[in-house]
Amino acid sequence: MSTILGVSRPDQAAYMLRAAASAPGRAYKQQLAQLRRVTRPGAVVGLVEPDWDTLVVDAEDLRTSRAFTRYTSEEVVRHATIGRSLARLADKAGFRVETVAATTPVFRDFEDADHTLGLGRTMQLAIDEGRIDQDRGRRWFTSLSEGPFYASFTLVTVMCSR
C-alpha cells in the first residue's frame, strides 16, 4: 500500500511504501523489485529503515539493557536488522546505490522514549515470556525515569537510482 506525498512537478511523484517492518524478507525483496519495475530510468529512490539491533538504553544495569535490546531485536520487531541490509537489497533489485547514511535518533526524555520505543510494553513482554527476571526488569524500567535518560538506535538511509 502506498501513499502519495505532495510534489510540485506533475512528471514526478513521491510515494511512501509501508513495507519492511511488516513484510517478510522475501516480500520486501519483491516490493523492491516491483518498485524498480515501475520507476523510470533516472528515478531517485530513498529507502529508510531502522536497525533495532543497535538500540541502546543507558542504565546502570547494563546486563538488563543488553538483554532488553536482544529481546527487542530477536522477538519483538520482525526483520529488526533490515536497515543494515538496505543497500545490498537495493543493489540486488537492480538499483544503483548512490549513498548510504546512518542517523542516530537520540531520546533524552524518558516519556517520549517510552511512547516511541515501547520500553515498558516490551519489558513486560520480556518478563511475561521469562526472558528477563521480573524484579530485575521492573527495577531497570523504574530506574530509567529517575534521572538523566538516554536511548538511541541507528536509522539507515539509502539513496539509489534506477
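I take buried as under 20% relative accessible area, exposed as over 50% and partly exposed as in between, with a 1.4 Å probe and protein chains only. Helices are DSSP runs of H or I with at least four residues, and strands are E runs of at least two, numbered from the N terminus.

I note that this is a predicted model, in which local features need pLDDT of at least 70, side-chain atom pairs count only at pLDDT 80 or more, and totals for chains, interfaces and linings use all residues. Residues are numbered from 1 along each chain as its sequence is written, and side-chain values use heavy atoms, with hydrogens and water left out.

**Helix H5, two sides.** I looked up the face of H5 turned away from its buried side and found the exposed residues Arg121 and Asp128 there. The buried residues of H5 are Leu119, Gly120, Thr122, Met123, Ala126 and Ile127. Seen down the helix axis, these fall within an arc of 165° (taken from the directions from the axis to the C-beta atoms), so they line one face of H5. Their cover includes S3, H2, H4 and H6, where contact means heavy atoms within 4.5 Å.

**After H5.** I find Gly130 following H5, with a positive phi near 75°.

**Nonpolar core.** I define a core as buried Ala, Val, Leu, Ile, Met, Phe, Trp, Tyr and Cys residues joined through side-chain atoms within 4.5 Å. The largest has 22 residues, and Leu119 and Phe149 are among those with the most contacts inside it. H5 gives the largest share of this core, four residues. I then checked Phe149: leaving out residues up to four places away in sequence, its contacts include Val57, Leu119 and Leu144.
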